[in-house]
Amino acid sequence: MTEIPEALSYDDVLLAPQASAILPRDVDVSSALHERIRLNLPLLSAAMDKVTEAPMAVALARQGGLGVIHKNASVEAQAAMVEGVKRSESGFINDPVTLRPDDPVDRAFDLMAHYRVSGFPVVDGDGALVGIITNRDLRVDIEPGSRVHEHMTRDGLITAEPGTTLSQARDVMQVHRVEKLPIVDPDGRLTGMFTFKDIEKVHKYPNAAKDARGRLLCAAAVGTGPGSEERAAALVDAGVDLLAIDSAHGHATGILEFAGKLKDRHPDVVLMVGNVATGDGVRACADHGADVVKIGVGPGSICTTRVVTGVGMPQFTAILEAARAGAELGVATIADGGVRYSGDVVKALAAGATAVMVGNLLAGTDESPGELVLAGGRRYKEYRGMGSVDAMRAGSADRYFQADKAAGSAAEAREPAKLVPEGVSGLLPYRGTVGEVTAQLEGGIRSGMGYLGATDLADLADRARFVRQTAGGMRESHVHDLDVVHEAPNYQVPGSG
Ligand code: XMP
């Protein structure tokens, strides 16, 4: 038998400190997954149904990261989530949703609920602005069947001309005490709109990750089963910036062929393919059109892949190998899963990953899907693997090549118990808002870079000198010789929670 190489996990290594002339607050933590996907915080949220829907994607993009919206939803629902993120805030709205004077007022209510906005410009058949209708106009009793023109404000509309800047728009809205400022060309046609709320957000979240038009970045997952091409097309139409082909084994012919097909069909969309855990896996994905490759087979907190199948690669070694191949080919690599502390993020970035994807650390926040659960006087949120039986029944079985056994299939109808799960579900302690979690993660990254004297993430990877730690080193690294540990926002005793 040939010699068996050793592979390492985050806990097996530490970064040696180095001479440093930089303070944590001065380091640059930005990272580019692609020329159009520039993050100001190298963090992605997992494409999982208990982690990323529109609220998570919005919250994370505001902090500079990127949310990947899960696909355990109908095509329409997932596309609407993407659209919701892209429309959520941009300072300037290029293509505002509009109403026609003859539209029923009920349509205004529906659109307000759908887009979670407070009003719309009203245009005629030529696109000329004829009024504005907001929830203020609709506070009165509304006659059933009445039309938009009966309620809209038409006189004294405050508008501005094309070319108005964000700060000019803010001044005009403050002077006239209006919430919306339609932009109208010399022919009276509506060409865009500012909203006060969005402008405030631009000031409140200066590090937000945005596209060239100032809209928050948004990614979304697709599988490879029936209907996946239609799903991808709908997501592209909704404005998605990055499509993620989500599979537990990206180094598989069917996945790679589908990647090539999607790249041909949507050459302008950034394509992420995964998951793989070797340099060969990265090369195969890149050969089939991947711009970004996701790394991780079995490290996730809810994953049982390694135990169920005997297959996987400890995450630190997987990242080292994959990042090396990625750097040679010019593709970005994302370290996906297994992150428990901010120090793990630093190790992944120092090993060469472009950014890090987390599920567990974000699943307990306000912005993850699902309600708080109370147990024993403490607050929790539910978290589950996409390979758990429940999640596979809800749509993710194709991630584990078991779509034929999932709900609705003929085989499942005959023998419903045959899904072979590769994940579990459970409860996580409530962790507050996404902003609170990312502040701790970002703080940890900055401090780690400070210890190494690294000015930016490329410098971090260049300077990194890893050492192996023994079980003794691990014990020494964690809290020890203390009976009661008060909770810290960035530390949990291993095995607790
Ligand atoms: P963390 O450790 O952040 O990991 O919870 C999230 C990542 O785990 C992957 N994932 C799974 N892997 N079985 C698996 O083997 C599963 O059921 C499962 N669900 C999610 C996924 O890559 C995610 O980003």
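This note walks through a predicted model, one region at a time.

1. **The barrel.** Start with the closed barrel of 8 strands. The order of its strands is β4-β5-β11-β12-β13-β14-β15-β16, and the pairing is parallel. From one strand to the next, the twist averages 25°. Strands of a sheet pair through backbone hydrogen bonds, and the pairing may be parallel or antiparallel.

2. Look at β14 and β15 (residues 332-336). These two strands run parallel and are joined by 4 bridges. To find the pairing on screen, take Lys294: its bridge partner in β15 is Ile334. Helix α8 packs on this sheet and touches β13 and β14. The direction of α8 makes about 150° with that of β13.

3. Helix α6 covers residues 228-237. It lies across β11 (219-222) and β12 (242-246). Against β11, α6 runs at about 170°.

4. Just after α8 comes Gly289, with a positive phi of about 100°.

5. Ala325 sits in helix α10. Is Ala325 buried or exposed? Its relative accessibility is 3%; buried means under 20%, so Ala325 counts as buried. Setting aside neighbours within four places in sequence, Ala325 is in contact with Gly279, Val282 and Arg283. For a sense of scale, pick Pro144. It is 181 residues from Ala325 along the chain, and the two C-alpha atoms are separated by 64 Å.

6. **The ligand site.** There are 24 residues around the ligand. Which of them come nearest? They are Cys303, Thr305, Asp336, Gly387 and Glu422. Asp336 falls within the residue range of β15, 332-336. The side chain of Tyr383 has an N or O atom 2.6 Å from an oxygen atom of the ligand. A backbone N or O atom of Met386 lies 2.7 Å from a nitrogen atom of the ligand. A polar backbone atom of Gly387 is 2.6 Å from a ligand oxygen atom. Taken alone, the ligand exposes 510 Å², and the protein buries 96% of that.

7. **The three-stranded sheet.** A separate entry to inspect is the open sheet of 3 strands, in the order β6-β10-β9 with antiparallel pairing. The edge strands are β6 (92-93) and β9 (180-184), each pairing on one side only. Between β6 and β10 there are 2 bridges. Ile93 stands opposite Met193 in β10. Helix α5 (residues 196-204) lies across β6 and β10, at about 60° to β10.

8. **Thr195, in that sheet.** Thr195 belongs to strand β10, which covers residues 190-195. Thr195 counts as buried because its relative accessibility is 9%, and buried means under 20%. Beyond residues up to four places away in sequence, Thr195 touches Gly91, Ile93, Met173, Glu179 and Lys180. A polar atom of the Thr195 side chain lies 3.2 Å from the backbone nitrogen of Asp198.

9. **Strand β7, covered on both faces.** In a regular strand the side chains alternate between the two faces of the sheet. Strand β7 (residues 119-123) has 5 of its 5 residues buried, so it is largely enclosed by the rest of the structure. Gly119, Pro121 and Val123 lie on one side. Phe120 and Val122 lie on the other, and both faces are covered.

10. **The β7-β8 hairpin.** β7 is joined by 5 bridges to strand β8 (residues 129-134), and the two run antiparallel. Val122 stands opposite Gly131 in β8. How many residues lie between the strands of this hairpin? There are 5. Gly127, in the turn, has a positive phi of about 85°.

How values were computed. Residues numbered from 1 in each chain as written. Predicted model: local features only at pLDDT ≥ 70, side-chain atom pairs only at ≥ 80, totals over all residues. Heavy atoms only, no water. Buried < 20%, exposed > 50% of the residue type's maximum accessible area, 1.4 Å probe, protein only. Polar contact = N/O pair within 3.5 Å; in protein donor to acceptor, adjacent residues only side chain to side chain. Contact = heavy atoms within 4.5 Å. Pairing = 2+ DSSP bridges. Axes fitted to C-alpha atoms, helices over the stretch in contact; angles between N-to-C directions. Near = heavy atom within 4 Å. Areas by Shrake-Rupley, 256 points an atom, 1.4 Å probe, with all protein chains shown as cover.
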